[in-house]
Amino acid sequence: MDEWIGEVGMGSNRLNGEEKFEGQTENEYSLLHSQSEADPNLRLIHLFNHYRHDWMNEIQLVFAYVKLKKYDRLEALMENIRVKVQQESHISKLGHPELIVYLFSSQSGDNELKLEIEMEQEIHLDKLPIAGEQLSRLLMGIIDVIKHEAKQHQDSEHTLLIKLAQTSSVLQLDCTYRGELTGDQILPGLKQVKLQLGSNITWKTNQRDGSLIKLSVEVPLNI
């Protein structure tokens, strides 16, 4: 039973694969996944199925601990669930639909890259004194560059942690990428994202030991 618990969800908050409906072949599943990339309705269905399956795993894990009377593990598990619910709530309130769907889709459907978003408070991009579309392009551009790098090394583990914070004067993005790198492909790609967004942002990158890149971005809000 302990092995079953480990397989259900203790290793990560997201599944490595997606749920297939009963009777669905691998080819049919691949076709549906491919079609969902182009059709927004299929994309939404694909996204809903993933999160439904994800939450069923969490519920099964709670029931398993209760059945085995491993109550000492429940507190940590419930705290993890609370944090996950809070972060998903923050993402859903960003105020830019395209970005929200993009982030949820990237977290659920991209096996090459494990994406984590952290926010300690709600951030409403549509209510900031700058274009929410510009900020959305910034975030999606950064993630796209990292995704491209991750796909070059599909046998390795790649993680991208993005922390978002807002003060009265700036929107702060702190990105940490861990994974195998192909030469200096990421930094030029990130530079192109920066050039598309104008010169009013503060942008700092730091590459360490060949497998870690840190990016700090400050977007002024009082312009």
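**Strands, helices and cores in a predicted model**

Strand 3, which spans residues 170-178, is mostly covered, with 7 of its 9 residues buried (buried means under 20% relative accessible area, exposed means over 50%, and partly exposed is in between, using a 1.4 Å probe and protein chains only). Strands and helices here are DSSP runs, numbered from the N terminus: a strand is a run of E with at least two residues, and a helix is a run of H or I with at least four. The model is a predicted one, in which local features need pLDDT of at least 70 and side-chain atom pairs count only at pLDDT 80 or more, while totals for chains, interfaces and linings use all residues. Residues are numbered from 1 along each chain as its sequence is written, and side-chain values use heavy atoms, with hydrogens and water left out.

Now for the chain as a whole. It has 7 helices and 5 strands, and reading along the sequence gives the pattern α-α-α-α-α-β-α-β-β-α-β-β. Of the 223 residues, 41% are buried. The accessible surface comes to about 12,900 Å², and carbon and sulfur atoms account for 51% of that (areas come from the Shrake-Rupley method with a 1.4 Å probe, and for residues only the protein chains shown count as cover). As for contacts (heavy atoms within 4.5 Å), take those with a separation of 6 or more: 68% of them are between residues 24 or more positions apart.

Back to strand 3 and its partners (two strands pair if DSSP finds at least two bridges between them). A hairpin through 3 residues links strand 2 to strand 3. Strand 3 is also joined by 9 bridges to strand 5 (residues 212-220), again in an antiparallel arrangement, and here Thr-176 stands opposite Lys-214. Strand 2, for its part, is joined to strand 1 by 6 bridges, and these two run parallel. In that pairing, Met-119 has Leu-164 of strand 2 as its bridge partner.

Next come the nonpolar cores (sets of buried Ala, Val, Leu, Ile, Met, Phe, Trp, Tyr and Cys residues joined through side-chain atoms within 4.5 Å). In soluble globular proteins, nonpolar side chains tend to be buried together. The largest core in this chain holds 45 residues, and the ones that touch the most other members are Leu-94, Leu-103, Leu-138, Leu-160, Ile-162 and Trp-203. At least two residues of this core come from each of helix 3 (40-67), helix 5, strand 1 (114-119), helix 6 (132-151), strand 2, strand 3, helix 7 and strand 5. Helix 6 gives the most to this core, namely 9 residues. There is also a second, separate core of 5 residues, with Leu-61, Leu-74, Leu-77 and Ile-81 among them. Leaving out residues up to four places away in sequence, Leu-138 touches Leu-173, Val-193, Leu-197, Trp-203, Val-217 and Val-219.

Helix 7 is worth a look too. In this helix, residues 186-196, the buried residues include Ile-186, Gly-189, Leu-190 and Val-193. These four sit on the same side of helix 7 because they cover an arc of only 100° around its axis (the arc is that of the directions from the helix axis to the C-beta atoms). Lys-191 and Leu-195, on the other side of helix 7, are exposed.

Finally, there is a spot around His-96, which lies in the loop between helix 4 (74-92) and helix 5 (97-109). With a relative accessible area of 16%, His-96 is buried. Its side chain makes a polar contact of 3.2 Å with that of Ser-136 (such a contact is a pair of N or O atoms within 3.5 Å; within protein, one must be able to donate a hydrogen and the other to accept it, and residues adjacent in sequence count only if both atoms are side-chain atoms). Not counting residues up to four places away in sequence, His-96 touches Gly-132, Glu-133 and Ser-136. Gly-132 belongs to helix 6 and counts as buried, at 13% relative accessibility. Apart from neighbours within four places in sequence, Gly-132 is in contact with His-96 and Leu-125.
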